[in-house]
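Here is a short report for a first visit to this structure. Have a look at the sequence and the model, then read on.

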Amino acid sequence: MAFYTGLLKDHQAKQNERKELQEKRRKDAVAAATCLTEALVDHLNVGVAQAYVNQRKLDNKVKTLQIQAAQFAKQTQQWLGMVDNFNQVLKEIGDVENWARSIEMDMRTIATALEYVYKGQLQPAT
């Protein structure tokens with residue numbers, strides 16, 4: 001019976017060693033999984049942080065672009081107004097030019113008529 005008792009003690013000792021080894025491996029596995037999870041979260045956080053920074057930069061660029069587009073639209077309206085005014089002035093100049101030609105033609109007609117009258121008065125009546 002002592003033989004069996006010794007075998008039983010050996011068996012229990014080996015079983016305790018296996019349990020301790022298994023518990024150590026389980027703790028190591030949990031620690032490794034925890035480290036992996038933390039590394040993955042850190043990696044994702046870096047990506048998320050970079051995406052946030054990029055989004056803020058984009059938002060600032062969009063605001064700047066909107067301001068510049070509004071300024072350009074305002075300037076374009078001013079240019080269009082200037083072009084319209086210029087066209088109106090050109091039309092008025094054309095109107096003045098036509099008026100001056102008309103006056104010139106009338107004056108030539110009057111001058112010619114006066115010249116005929118003057119020449120007619122200088123010639124003796126026959």
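## A salt bridge between Arg 101 and Glu 97

In this predicted model, the side chains of Arg 101 and Glu 97 form a salt bridge, with 2.6 Å from N to O. Both residues belong to helix α1, where they sit four residues apart, about one turn of the helix.

How open are the two partners to their surroundings? Arg 101 is partly exposed, with a relative accessible area of 47%. Glu 97 also counts as partly exposed, at 40% relative accessibility.

## Two further salt bridges

Salt bridges come up elsewhere too: the count for the model is five. One of them joins the side chains of Glu 115 and Lys 119, at 3.1 Å from N to O. Glu 115 is partly exposed at 43% relative accessibility, and Lys 119 is partly exposed at 44%.

Another salt bridge links Asp 28 with Lys 24, this time at 3.3 Å from N to O. What separates these two along the helix? Asp 28 and Lys 24 are four residues apart in helix α1, so about one helical turn lies between them. For Asp 28, the relative accessible area is 43%, which means that this residue is partly exposed.

Charged pairs are one part of the picture, and nonpolar side chains are another. Val 96, Trp 99, Ile 103, Met 107, Ile 110 and Leu 114 make a nonpolar surface patch of about 630 Å².

Take Ile 110 as an example from this patch. Its place is in helix α1, which covers residues 2-122. With a relative accessible area of 45%, Ile 110 is partly exposed.

## The chain as a whole

How many helices and strands does it have? There is one helix, and there are zero strands. The radius of gyration is 54 Å, well over the 14 Å that the globule rule gives for 126 residues, so the chain is more spread out than a compact globule. Along the principal axes, the C-alpha atoms fill a box of roughly 185 × 20 × 10 Å.

What share of the residues counts as buried? The figure is 0% of the 126 residues, where buried means under 20% relative accessible area. The chain exposes about 12,000 Å², and carbon and sulfur atoms supply 62% of that area.

Finally, a word on the charged side chains. The chain carries 17 positive and 15 negative side chains.

How values were computed
Residues numbered from 1 in each chain as written. Predicted model: local features only at pLDDT ≥ 70, side-chain atom pairs only at ≥ 80, totals over all residues. Heavy atoms only, no water. Patch = residues over 30% accessible without salt bridge, like charges linked within 9 Å, V, L, I, M, F, W, Y side chains within 5 Å. Areas by Shrake-Rupley, 256 points an atom, 1.4 Å probe, with all protein chains shown as cover. Salt bridge = Lys/Arg side-chain N within 4 Å of Asp/Glu carboxyl O. Buried < 20%, exposed > 50% of the residue type's maximum accessible area, 1.4 Å probe, protein only. Rg over C-alpha atoms; globule rule 2.2 N^0.38 Å. Lys, Arg positive; Asp, Glu negative; His and termini not counted. Charge placed at Lys NZ, Arg CZ, Asp CG, Glu CD.
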